[in-house]
Amino acid sequence: MSDSWAPLITCEHAGNAVPPAYRPLFEGREDLLASHRGFDLGALATAEALAGTLAAPLLVTDVTRLLADANRSPGHPRLYSEITKPLPVKTRREIFEACYRPHREAVVARIATLVAAGRRVLHLASHSFTPRLRGVTRHCDVGFLYDPRRAAEKAFCGRFLRELACLDGDLILRRNYPYRGATDGLATALRRRFGEAYVGVELEVNQRFARGSEEALSSINDHLCEALLRVLGRKSSCLEGKMDGGA
């Protein structure tokens, strides 16, 4: 990895906003809207930190995923939630056009422009996950989601993980956890569309940081940004220091 890559940061579940036309759907469901089902707590702050560090474009959608999930493909059974799936086809189509399509098309358009200019795109999608799901604790602080069949993604995530571990050895870092990076998602769709001109990675940060304190979230974001700069060669690598016998 080098500074010659064109970085792009996105956040598909940045908020839980509900356009006025659809607010009646969520009356009495405020707790659901505020939960991990409604949005990815802390993911926007991470995305903003990464984009600021790299001076990279940042594309986000803050419309709740409970209307239409921007990280699912059209036709996916979980594109719509249990709230919107029973709605008439016409209403779902309106939600799709207003709440789903704009973000996806903006991301595709930005990547297409970069690829047409001869650049290779490094796309980092910022997500977060709830520490416990259905009574099971998820033992992970940061997950790196990628397609293990793609050498560039595998190498990038391996280096990113190792640099982050050098900065904080107490972090629990895992590959393709709590989800698999090659399953349905925005990055998967973009791999098919742009081929080797595109490298896509989803970062999954444990929401315990955002739930804990502003300092806790800021600290993990600082580490992520520092590690990323080292992976891209913009700062000296702690891995090289270790190989040279340093701390």
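The legends below describe close-up views of one predicted model.

**View 1. The largest pocket of the model has a volume of about 730 Å³.**
The lining of this pocket is made up of 31 residues, and the closest to the pocket centre are Arg65, Asp69, Arg72, Arg78 and Tyr179. Strand E3 (121–129) and strand E8 (198–206) each give at least two residues to the lining. The largest share, three residues, comes from E3. Sorted by class, the lining holds 14 charged, eleven polar and six nonpolar residues.

**View 2. The second largest pocket has a volume of about 160 Å³.**
Its lining consists of Pro74, Tyr100, Arg104, Glu105, Val108, Leu186, Ala189, Leu190 and Arg193. Helices H3 and H5 (186–194) each supply at least two of the lining residues. Six residues of the lining are nonpolar and three are charged, while no polar residue takes part.

**View 3. Helices H3 and H5 pack against each other at an angle of about 35 degrees.**
In general, a pair of packed helices is described by the angle between the two axes and by the distance between them. Here the axes of H3 and H5 are 12 Å apart, and the crossing is right-handed. On the H3 side, the contact is made by His103, Arg104, Val107, Val108, Ile111, Ala112 and Val115. On the H5 side, the contact residues are Leu186, Ala189, Leu190, Arg193 and Phe194. By class, this contact has nine nonpolar residues, one polar residue and two charged residues. Arg104 of H3, one of the contact residues, also belongs to the lining of the second largest pocket.

**View 4. Helices H2 (43–54) and H7 (residues 214–231) pack with their axes 9 Å apart.**
The angle between H2 and H7 is about 35 degrees, and H2 passes H7 in a right-handed crossing. From H2, the residues Ala45, Thr46, Ala49, Leu50, Thr53 and Leu54 take part in the contact. They meet Leu217, Asn221, Leu224, Cys225, Leu228 and Leu229 of H7. This contact has nine nonpolar and three polar residues, and no charged ones.

**View 5. The loop between strand E7 (173–175) and H5 contains Pro178 and Asn176.**
Most residues other than glycine have a negative phi, and most peptide bonds are trans. The peptide bond from Tyr177 to Pro178 is cis, with omega near 5 degrees. Asn176 has a positive phi, near 50 degrees, although this residue is not glycine.

**View 6. Ala55 lies in the loop between helix H2 and strand E2 (58–60).**
Phi of Ala55 is near 50 degrees, a positive value in a residue other than glycine. Is Ala55 buried or exposed? Ala55 counts as exposed because its relative accessibility is 71%, and the cut-off for exposed is over 50%.

**View 7. Thr91 is placed in helix H3 (residues 89–116).**
The relative accessible area of Thr91 is 21%, so this residue is partly exposed. A buried residue would have under 20%. Thr91 and Ile9 are 82 residues apart along the chain, and their C-alpha atoms are separated by 30 Å.

How values were computed: Residues numbered from 1 in each chain as written. Predicted model: local features only at pLDDT ≥ 70, side-chain atom pairs only at ≥ 80, totals over all residues. Heavy atoms only, no water. Helix = DSSP H or I, 4+ residues; strand = E, 2+ residues; numbered from the N terminus. Buried < 20%, exposed > 50% of the residue type's maximum accessible area, 1.4 Å probe, protein only. 1 Å grid on protein atoms, 1.4 Å probe; cavity = no way out; pocket = protein on both sides within 12 Å on 5 of 7 lines; lining within 4 Å. Points joined across faces, edges and corners; volume = space filled by probe spheres on them. Nonpolar A, V, L, I, M, F, W, Y, C, P; charged D, E, K, R; others polar. Axes fitted to C-alpha atoms, helices over the stretch in contact; angles between N-to-C directions. Left-handed = near helix turned anticlockwise from the far one by under 90°. Contact = heavy atoms within 4.5 Å.
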